[in-house]
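Here is a short briefing on a predicted model. Topics are grouped for quick reading.

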Amino acid sequence: MAASNREYLDPLFLSKLANLELVARCAVEGFFSGLHPSPFQGFSVEYSDHREYHAGDEVKFIDWKVYGRTDRLCIKRFHQETNTTVYVLLDVSRSMSFAGGSTRKIDYACYLAAALSYLMLKQGDSAGLMLFAEKVVSQVPAASRRTHIHAILQALDRQTTAGRTNLAAVLHTVAETTKRRGLVVLISDLLDDEGDIFRGLAHLKFIKHDVIVFHVMDRQELNLEYEGLVQFEDLETGDKFRTFPQSIRAGYQQRVGDFLDNVKKTLGKSGIDYCLLETSEPLDRAFIAYLLKRRRLM
Amino acid sequence: MSFLGWTFLFGAAAVIGPIVAHMLAKPRFRRVPFTMLQFLRTGRHESHSRRNLRDLLVLLLRCAIIVLIAVLFARPVLKVEAAPQPHKRLHYLALDDSASMAYRDGRSSLFERMIETATDHIRRAPDAVFGVCGLASGRSAQGLSRGQALAEIQRLAVVPKCVRPADFSRLLKQAASPGDTVSAVVLSDFTPGALAEFERTREPAAVDSLSHEIIAPASPVSNAAVVEARAVDVVEGKLEIDVVVANCGQTSQHRRLVAKCEDLRPVPADVTVSSGERRVLRVRMDLGPRARGATRPCLPVELSLEPPDGLAADDTYRLAVCIPQTASTKVLVVYRRDEAFLFETAIEALAGQGAAGGLRLRKAREDRLRAEDLTWADVVVFSSLPADVSCPTTLLQSCLARGGRLIFFATEPGNPQMMERLMRENLIPAVPQKWTQGVVCPEPQPGGGTEFGEQTAKSLANYRFDKIALKGHWLCRASPQAQCVWRLSGGAGFVYAQTQNSGSSVLVNTSIDDSLGLLAKSGAWVAFCRFLVGEGDRIHQYGFRVEERPVLNVPEAMRGAGRAFVDVENCDGGKARAAVNGMRMVLPAPQSTGWMRTLGESSLYAGINLPEGETDLRRPSAEAVADAMKRAFVADPRSKRAIAQAGPPTQSKPLWRAFAWAVLLLLLIEPAITNRLKR
């Protein structure tokens with residue numbers, strides 16, 4: 001990917017663009033213009049084979065050219081043109097407003113959701129959006145129209161972070177309310193009970209949804225690089241904890257590492273794609289993860 | 001453990017500072033919103049308690065450093081039991097080897113008799129450890145056998161100093177251990193001076209037994225001395241010296257006083273003084289060509305009484321006299337109006353102040369100034385800056401070349417053309433440029449003007465010179481060579497000076513007529529004129545006593561050289577260095593009588609004479625001597641026994657070196673430990 005295009009995927013660059021549509025367009029176009037003979041392009045109606053006509057078949061599917069040549073009534077068969085319905089679940093709990101550096105987690109997640117939605121609609125998929133914290137806060141139903149992106153972007157623009165994360169309940173709700181099997185893209189910091197999260201995701205898998213989890217984390221959350229005496233205040237619960245971060249850094253990194261390993265391992269066993277994203281990282285890894293998943297689905 | 005300077009232990013109270021700081025200090029933290037508190041919480045209690053412990057350890061370390069430093073300053077010593085030593089019998093002799101012991105009566109001197117007495121004493125004394133101390137020289141030896149003590153007293157000699165009983169007392173205190181038996185013998189002539197020294201003893205020395213013996217001449221004392229001399233004036237080419245001759249003996253003296261000085265003709269004067277009488281004689285020495293400005297201004301004058309008497313050392317008094325190069329200073333006052341009377345009054349007052357030859361005054365109006373006036377004058381005073389362009393600058397140049405002085409009062413602005421000319425020819429140190437109104441006073445002390453008299457400056461301070469309010473001042477442009485030697489309170493220059501050849505020129509920023517009038521009306525006016533005219537007409541004289549540090553005035557030629565040290569020759573011919581401090585030169589303290597002189601082209605002399613008390617040989621009464629001995633010594637064996645029974649003998653072992661190492665070590669490791677703990 002050319003360096004000039006790569007900047008369109010950089011969250012720092014994207015944060016300077018006030019317009020989410022522009023963000024999505026820049027990110028996706030930047031991604032694709034950097035790719036060479038793309039393995040992801042094009043889904044069209046393709047011929048498969050012919051079979052003999054049976055009574056009850058629709059007449060409109062008879063291949064009259066074959067009949068003219070062979071005097072046999074044959075039905076032309078095609079690969080079914082399949083559109084995937086993608087449900088983007090975006091975590092808007094208070095913890096997503098954390099910013100260790102210049103980019104908040106929620107902003108990064110919004111760029112990601114917007115860019116993925118744009119990409120999905122461009123690929124011909126139906127895209128829907130759910131914003132959730134303790135429960136589903138707002139919802140944009142899935143549709144495949146190109147103009148549907150405006151509804152999604154509007155919802156993203158209006159979002160505000162509030163409430164605590166209750167991911168398990170939301171996942172169960174999604175599993176119960178989605179009518180059509182599709183791809184569920186979860187964008188969250190997964191700050192909830194691990195068991196609940198796994199159970200919610202297992203529910204989605206149970207009803208044949210494909211699931212990608214984009215785990216958005218800040219660099220400070222991963223490494224705890226603060227110095228001096230610091231009073232940490234929990235964004236969701238308001239709890240306070242005063243310590244010298246340098247004295248607990250090693251233990252913290254160990255525990256966070258264990259947590260991430262556990263999540264990755266458990267989700268991998270369940271056939272759920274997991275992608276850990278740091279807010280200072282470009283968005284292309286997320287696109288590649290999505291498109292690979294998309295290809296496997298087709 | 002005890003402390004030599006225990007008051008420093010109060011310094012340990014400084015630990016309160018870090019302790020209070022520790023107690024008051026609240027940890028300063030910053031608030032950070034965060035998300036993953038569940039991952040932080042593990043080990044919270046451990047971190048908090050360890051942090052407190054670490055802070056406490058750092059505090060303790062710092063407090064320990066402060067306490068150790070306080071203890072170090074208090075100089076701790078450890079009292080350890082000394083190894084028991086066998087009790088000794090000590091026998092100490094204090095022998096008077098002061099100058100008065102050189103008195104010779106018939107065949108032998110008092111000192112020789114004292115040595116004989118001391119020898120007998122040592123021979124007759126029971127077996128003991130001997131100690132010998134010269135009361136004037138301070139020479140001492142202890143732990144001697146009988147033979148060694150006899151040899152030691154033969155090494156003593158008379159020194160031209162007074163007795164110092166404190167040296168003997170100190171020796172006794174150091175030598176004696178508790179339990180020792182100490183007997184002391186004092187042999188002296190016990191002159192009034194020596195008795196006074198014994199009576200002045202602050203801490204008497206404890207002895208078990210004390211005896212003293214007065215070494216006195218057999219016949220009545222015959223001694224007269226020159227005890228004081230002072231040069232008064234130079235009149236008609238003759239140096240007048242007042243000499244004080246005292247009869248310090250018991251017989252009437254008919255003596256001849258002879259004043260000698262290098263190649264000058266000796267001047268004799270007969271004198272008769274009865275016992276106890278002091279007479280002042282005025283001796284007039286014809287200076288010859290030196291009266292008219294000598295190349296060597298310092299004269300070593302010896303005033304001797306002939307024929308010699310019992311004590312020859314006090315028959316001669318040495319006085320160095322520095323005569324000004326000019327017998328009288330000729331002052332020409334150049335005036336424009338009628339302000340000359342201001343200077344006339346001051347110069348006349350100065351002339352009457354006992355200066356050698358005094359000052360001679362001549363006045364001339366500026367427009368009627370004659371060449372012969374300028375040729376005549378040593379000091380030319382311009383009461384205001386010259387307005388006449390025809391002022392003969394060549395004659396002013398020649399006045400400076402002769403070593404003269406030009407003094408300008410800036411009462412009125414001079415002719416600009418003339419000012420530029422004077423400045424160009426280096427005749428004036430500064431030129432007034434802009435008049436500034438406003439009350440200003442001279443600063444209390446002159447600045448870097450080494451050329452001007454410190455004494456006069458001090459006397460000016462007595463007249464509250466710095467309180468004289470002038471009505472304004474000129475802002476002056478000084479020439480590059482000029483020096484501002486005195487400033488006004490506003491920072492502007494008050495007196496500027498510069499040297500040209502061997503002469504000098506001075507500008508006084510008196511600003512306007514009123515200011516000059518205010519200055520002249522003040523009591524400081526005469527002293528200020530003395531300051532301006534210089535010290536050229538003052539006689540300096542240098543007569544000192546043994547062990548008194550001679551201080552000489554540095555000659556002008558030497559001042560210019562900017563030397564910090566001057567090589568000098570001592571009375572005994574040895575070489576030493578004298579420190580030059582501005583206008584003063586401090587010579588090393590002499591140890592014998594004679595002449596000290598600076599080495600160089602024109603030597604300065606300092607006469608070194610006997611200490612004042614050593615010439616008085618009046619015989620003391622036995623009661624007075626006994627009283628003096630009681631003051632200097634405590635002959636009470638019980639007090640010593642009490643000390644002996646108080647406890648085992650102890651020895652003090654200094655500990656401050658160990659404490660210093662401990663402090664140094666703690667200071668070195670403190671940052672490392674603090675960093676380690678706070679990590």
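Which residue in strand 8 of chain B does Val132(B) stand opposite? That residue is Ala141(B). The model is predicted, so all of what follows describes computed geometry.

**The sheet in chain B**

- Val132(B) and Ala141(B) face each other where strand 7 (residues 129-134) and strand 8 of chain B pair in the antiparallel sense, over three bridges.
- Both strands belong to an open sheet of five strands in chain B, ordered 8-7-4-9-11. Its pairing is mixed.
- Strand 8 (140-144) and strand 11 (209-214) of chain B are the edges. Each has a single partner strand, so one side of each lacks a neighbour in the sheet.
- On average, neighbouring strands of this sheet are turned by 10° against each other, direction ignored.
- Helix 5 (residues 146-155) of chain B packs on the sheet. This helix touches strand 4 (89-95), strand 7 and strand 8 of chain B. Its direction makes about 10° with that of strand 7 of chain B.

**The contact between chains A and B**

- Chain A gives 25 residues to the contact, and chain B gives 19 residues.
- On the chain B side, strand 2 (30-34), helix 2 (37-40) and helix 3 (44-73) each supply at least two residues.
- Strand 2 of chain B provides the largest share of that side, with five residues.
- By class, the chain B side holds nine nonpolar, six charged and four polar residues.
- Strand pairing also crosses between the chains: strand 8 (residues 230-234) of chain A pairs with strand 2 of chain B in the parallel sense, over five bridges.
- In strand 2 of chain B, Val32(B) is the residue opposite Phe232(A).
- Strands of a sheet pair through backbone hydrogen bonds, either parallel or antiparallel.

**Chain A overall**

- Chain A has eleven helices and ten strands.
- Of its 298 residues, 39% are buried.
- Take the contacts in chain A between residues at least 6 apart in sequence: 75% of these join residues at least 24 apart.

**Helix 5 of chain A**

- Is helix 5 of chain A mostly covered or mostly exposed? Mostly covered: 16 of its 19 residues are buried.
- Helix 5 (residues 105-123) of chain A reaches 27 Å from its first C-alpha to its last. That is close to the 27 Å expected at 1.5 Å a residue.

Key: Residues are numbered from 1 along each chain as its sequence is written. Chains are lettered from A and ligands numbered from 1 in the order in which they are written. This is a predicted model: local features need pLDDT of at least 70, side-chain atom pairs count only at pLDDT 80 or more; totals for chains, interfaces and linings use all residues. Two residues are in contact if their C-beta atoms, placed from the backbone, lie within 7 Å. Helices (H or I, at least four residues) and strands (E, at least two) are DSSP runs, numbered from the N terminus. Ala, Val, Leu, Ile, Met, Phe, Trp, Tyr, Cys and Pro count as nonpolar, Asp, Glu, Lys and Arg as charged, and the others, Gly among them, as polar. Two strands pair if DSSP finds at least two bridges between them. Axes are lines fitted to C-alpha atoms, for helices over the stretch in contact, and angles run from 0 to 180 degrees between N-to-C directions. A residue is buried if 20 or more other C-beta atoms lie within 10 Å of its own, exposed if 12 or fewer, and partly exposed in between; C-beta atoms are placed from the backbone. The expected span of a helix is 1.5 Å times one less than its number of residues.
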